[in-house]
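Trainee: I have a model open and I'd like to learn how to read it. Can we go through it together?

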Amino acid sequence: MTMLSEPRSPDPRGALWTGSMRLLIIEDDRDAAAYLVKAFRETGHVADCAHDGLDGYALAREGAYDVLIVDRMLPKLDGLSLVRSLREQKVATPVLILSALGQVDDRVKGLRAGGDDYLPKPYAFSELLARTEALARRQVGSGTAEETRYRVGDLELDRLSHRVTRSGREIPLQPREFRLLEYLMRHAGQVVTRTMLLEHVWDYHFDPQTNVIDVHVSRLRGKLDKGFPSPIIHTVRGAGYVLRVDEGVAG
Amino acid sequence: MNRLPIDALNPTETGAARVQKLFRTTAFKLSLAYLAIFTLCAFLALGYVAWNARAVLDDQIVSTIDAEINGLSEQYNAGGLRRLITVVERRSREPGASLYLVTTAGGDHVVGNVGFVPAAILATPGQSETRYGRSDSDAEAHRAIVRVFTLPGGFRLLVGRDTEERDRLRAVIGRAFGTSVAAVVLLGVIGGWLAASRVLRRVDAMTQTTRAIMAGDLDGRLHVAGNGDELDRLASSLNQMLERIGELMRGMRDVSDNIAHDLKTPLTRLRNRADEALRRPSTPDELRAALEAVIEEGDGLIRIFNALLMIARLEAGSAREIMAPLDLGAAAQGVGELYEALAEDQGFTLAVAAQDGVVVEANRELIGQALANLVDNALKYGVPSGGGPGRIVVAVWREDGFARLAVSDSGPGIPEGERTHVLARFVRLEQSRSRPGLGVGLSLVNAVVRLHRGTLHLRDNEPGLRVEVSLPLAQGDAVGAADLDRLEAR
């Protein structure tokens, strides 16, 4: 995994993906597809789109995409079959499945078919963007062994000894806080949404209906920032959180 | 969708139309078919009897004739033609069905009780059946079986027997045949008619009920006579189907009611915020804040929408397939841990008291969602009325072969009289809700519990509300519990 020790300029929308993603959106609803293409372009990415399963399959096979965004219900070839076929053809591009069928078992089916993430409709674009970026980043990072130490600015996390230090000073964390920080650091510089945290840190895929995650994050933040001039976990309004070192502060 | 032939179902039909309909019924057609078969059988049986009776009688007649001939031939051998004539003359005078005639070669009457017989019969020796007339009457209307011999000197001897007795029997059999066939046909038609009209009445009643249901009376049910026949079975299956359809319809209506109710307020708020931002000249920062507020409202709407959709899905009974053994205590610990920090921030203490190894067959996500909703409700509505810190307890234990789960708070609770009301409102989802948000959250919990074949009760926590859930233990665990009870009883 590439470490993000260098400061980067924050995107006004909070998206911090430095490289531009090449995306393929396979969605038969032309309005929705056009909206997504436009929104992704505005956030600095390149997006193609296909309106049925067969076109999508052909494009996905030949094009070099970072992430595929696949609607589940598609004419000619449905989303799950499409993903299954791609996987059989050893196409390993990360796939995010979009679906109006927001049930637990639907998510399981989507992941079993070879999808990497699943987002039920209706969704907020910020959620989709964050998840897509996480998938693209994972793709870049794949192939190298998982790091045992994460470092962001003066913050360090050792996954083996479960120690967290900032500027060399040890910060004691609860097990769950450690996992929360671990996830944030693995996705340093990327926006992670509350549902992403709930899924990966607590392994729940339901909607908690309250700001239950916020409290955990704010406690972690309190521990990390106490005695330091600059915050390291930032809230991105309407989206989630990002762990990064602010400009000019990190060394 | 196929159009139903409404005209055919019209209950105000004319008598002729009704009769026509009766003829068209399956029962009547079946009756007619059976009738034809029975008639054919009766026909065959009586025919067989008649044929046999006739054969027996014919045999009898023929053997009587044979005996007469033997006697006469003995007389002839002993005393020649003269003796034969004397014997014939004597026998002819005796009353009875036996017929004798001796003629010359030319056919002239010599002696005998037969007055007339066709010349062709006399001309050909051998046995035959013929008309004849007795010598003591003019009538020719009799029939007989006769045998003709040619005697030396050209004389003819005719010995026969009248078949009147046989013909009478045949007539009797024929009449019996006709009467019984007529009776079979009559009874068959009447029986078919009765059966058909009985069936038709019930089918008509069913049709009317169905029409009423189609017209919107969704609570209508088909009448079940209770005799367990095929129509009853059909009616009760249809009733079960109607019940299920009704349940789904009610669910859908409730969901749409709820969508309307729950989405209206935030939608209005969202619209007003956007409207306000547009109306006033604002700085970019203010506009940005307004937009963010609008997005926040939108997210809230999506959340409500998802919850409602999920309830509908659960009510429809899907998602049952992905259940696996789940340690309920561990699930409670997990959710407790998730909410602990939030509870503390809001001035609550949140404690989880869970027995080990209470395993249920469940969907972890759904149980987690239900637990989260219960804790969330306790946080929202469990603030003690007298002030002071609120206390929320999540308990998991095993009792009476069930897994039990309770979430209790120390808030004002729900008055006993209103508890059933609130519970009833889960089913119909409340129409007027005193505490916004409670409905969707608890409805979702109830839907999850019902999906897991469990029950949900509201009790007094003195003070506060105690939501108790019973879930069936997983198979293996239920055995373990029984063993444990046995050990304890020892």
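Trainee: Let me start with one residue: does Arg453(B) count as buried or exposed?

Mentor: A residue is buried if 20 or more other C-beta atoms lie within 10 Å of its own, exposed if 12 or fewer, and partly exposed in between, with C-beta atoms placed from the backbone. Arg453(B) has 12 C-beta neighbours inside 10 Å, so it counts as exposed. Before we go on, this is a predicted model: local features need pLDDT of at least 70, side-chain atom pairs count only at pLDDT 80 or more, and totals for chains, interfaces and linings use all residues. Residues are numbered from 1 along each chain as its sequence is written, while chains are lettered from A and ligands numbered from 1 in the order in which they are written.

Trainee: What about the backbone, then: what is the phi of Arg453(B)?

Mentor: Most residues other than glycine have a negative phi. Arg453(B) is not a glycine, yet its phi is positive, about 60 degrees. You'll find Arg453(B) in the loop between α10 (438-451) and β12 (455-460) of chain B. Helices (H or I, at least four residues) and strands (E, at least two) are DSSP runs, numbered from the N terminus.

Trainee: Which loop of chain A holds His162(A)?

Mentor: The one between β7 (155-158) and β8 (163-166). His162(A) isn't a glycine either, and its phi is positive at about 60 degrees. His162(A) is exposed, with 12 other C-beta atoms within 10 Å.

Trainee: How do I read a helix, say α8 (residues 212-225) of chain A?

Mentor: Check the span first: the expected value is 1.5 Å times one less than the number of residues. α8(A) has 14 residues and reaches 20 Å from its first C-alpha to its last, close to the 20 Å expected. Then look for its buried residues: Val212(A), Ile213(A), His216(A), Val217(A), Leu220(A) and Leu224(A). After α8(A) comes Gly227(A), with a positive phi near 85 degrees.

Trainee: How many residues of chain B are in contact with chain A?

Mentor: Contact means C-beta atoms, placed from the backbone, within 7 Å. By that rule, 28 residues of chain B are in contact with 22 residues of chain A. On the chain B side, α6 (284-315), α7 (328-345) and α8 (364-381) each give two or more residues. α6(B) gives the most, with nine residues.

Key. Two residues are in contact if their C-beta atoms, placed from the backbone, lie within 7 Å.
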